[in-house]
Amino acid sequence: MRAVLLQGKMDAQLVEVPEPELVAGSVIVEIDRSGIGGSDVEAFVSGDLPAPAWFGHEWVGRIVEVGAGLPDRFVGEPVIGAVPAPCGECRPCQAGLGSHCIVVLEMIVGADPLASAHGAFAERIRVDARRVQRLPEGIDINDAALSEPAAVAIHAIERSGVGIGDLVVVVGAGTIGLLVAELARIAGAARVAAIDPEAARRELVCDLGADAAFAPGDEISGWLERTGHGLGADIVFDCSGSEGALAAAITQVRRGGSVIAVGVPSRTRDSLTSKLVEREVTIRASLGYSIADVRRVLTLMAEDRLHVSRIYQDDLIGLSEVPAVIGHMAQHGRAAGKLLVAP
Ligand SMILES: [Zn+2]
């Protein structure tokens, strides 16, 4: 059969390859459509994958053969490439954290031997049967090819908690950014703006329902000022993963708002953004305290539930000793526990 393989940096070729070999628990799918994703272009540009490399991981097709242990009725079913359900056995699964299942994660990143995460730029692909999702009737086949990036976008929307009346900014109007902008509306966002350097993408995101689109830079600040009542966006999605985008997002979001990191180009795998996204970590900032916090503290002390007496030293310091004590602390490091002054 024919397949497009990566032969090296900036080098992809259509070649004749052996048919995929059927193994137990897997199916052979005839590819009807495969999408060219940002990560495919990244792999082409970087040449990071060991050549010759299979690529293409967004696809829709029909099952043409089933491996041992699978029913024949699967043959002919229209399917898309997806991730399996959580395994139920790994450590995160055992701890009730199925959404962080190690087996699913390894399939997503292609580390599992049966993963076939890539290889959809070919006539047929072998894939673990747990990784295919049956396509319901009534979905256009070209639309179905976008279900993988749409699932990525929906996951980001879900993680963001975007809701009715929110002001949303989407940085990067590639496929994921366009889908996030469209889905933010479905989730109830009142205003959506996008930021992208390409004029054609800015036009497209507005066609899809965004209120405004801007080139990177300060262009958006006036719109944010007017639309966000001088506060900023409730939620900013960084779908670009580009250098500095996350820092810019923090200046666009309102105080107490949320920034959702979605995009990670492979070239910046060591960046803070990559580490955040790959581990799907939630970072929340905390600034000072509120009057409600003070009242909670006083209640806990009054009820003898918060114990602070070990955190200060019993020996009180007179006013006259303060200069010497502070001088000593500056030179020799701070004492264990707080020093209290009794003027
Ligand atoms: Zn698991």
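Predicted model: local features only at pLDDT ≥ 70, side-chain atom pairs only at ≥ 80, totals over all residues.
Q: How do you know whether the span of H11 agrees with its 12 residues?
A: At 1.5 Å a residue, H11 should span 16 Å, and its end C-alpha atoms are 17 Å apart, so the two values agree. As for cover, the count of buried residues in H11 is zero, and the helix is hardly covered. After H11 comes Asp304, with a positive phi near 60 degrees.

Q: How does the reach of helix H5 (residues 147–160) compare with what is expected at 1.5 Å a residue?
A: H5 has 14 residues and reaches 20 Å from its first C-alpha to its last, close to the expected 20 Å. Just after H5, Gly161 takes a positive phi of about 70 degrees.

Q: Which residues of H5 are buried, and what do they pack against?
A: Buried means 20 or more other C-beta atoms within 10 Å, and in H5 this holds for Ser147, Glu148, Pro149, Ala153, Ala156, Ile157 and Ser160. Among the partners of these buried residues are strand E5 (58–66), helix H6 (175–186), E12 and strand E13 (253–261).

Q: How do you know which strands pair with E12, and in what sense?
A: At least two bridges are needed for a pair. Strand E9 (residues 167–171) and E12 have four, in the parallel sense, with Val171 standing opposite Asp238 in E12. E12 and E13 have five bridges, also parallel, and Val236 stands opposite Val259 in E13. With helix H9 (residues 245–252), E12 and E13 make a right-handed β-α-β unit.

Q: Which peptide bond is called cis, and where does its proline lie?
A: The bond joining Ala51 and Pro52 is cis, with omega about -10 degrees. Pro52 is found in the loop between helix H1 (38–46) and strand E4 (53–54).

Q: How many helices and strands does the chain have, and why is it called more spread out than a compact globule?
A: The chain has 12 helices and 13 strands. Its radius of gyration is 27 Å, well over the 20 Å that the globule rule gives for 343 residues, so the chain is more spread out than a compact globule. Along its principal axes, the C-alpha trace spans about 90 × 50 × 40 Å. Buried residues make up 31% of the chain.

Q: Which domains does the assignment give, and how far apart are their C-alpha centres?
A: The assignment gives domain 1 (2–145 + 312–341) and domain 2 (160–286). Their C-alpha centres lie 22 Å apart.

Key. Residues numbered from 1 in each chain as written. Helix = DSSP H or I, 4+ residues; strand = E, 2+ residues; numbered from the N terminus. Expected span 1.5 Å × (residues − 1). Buried ≥ 20, exposed ≤ 12 C-beta atoms within 10 Å, placed from the backbone. Contact = placed C-beta atoms within 7 Å. Rg over C-alpha atoms; globule rule 2.2 N^0.38 Å. Domains from an automatic or database assignment. Right-handed = clockwise from strand over helix to strand, strands pointing away.
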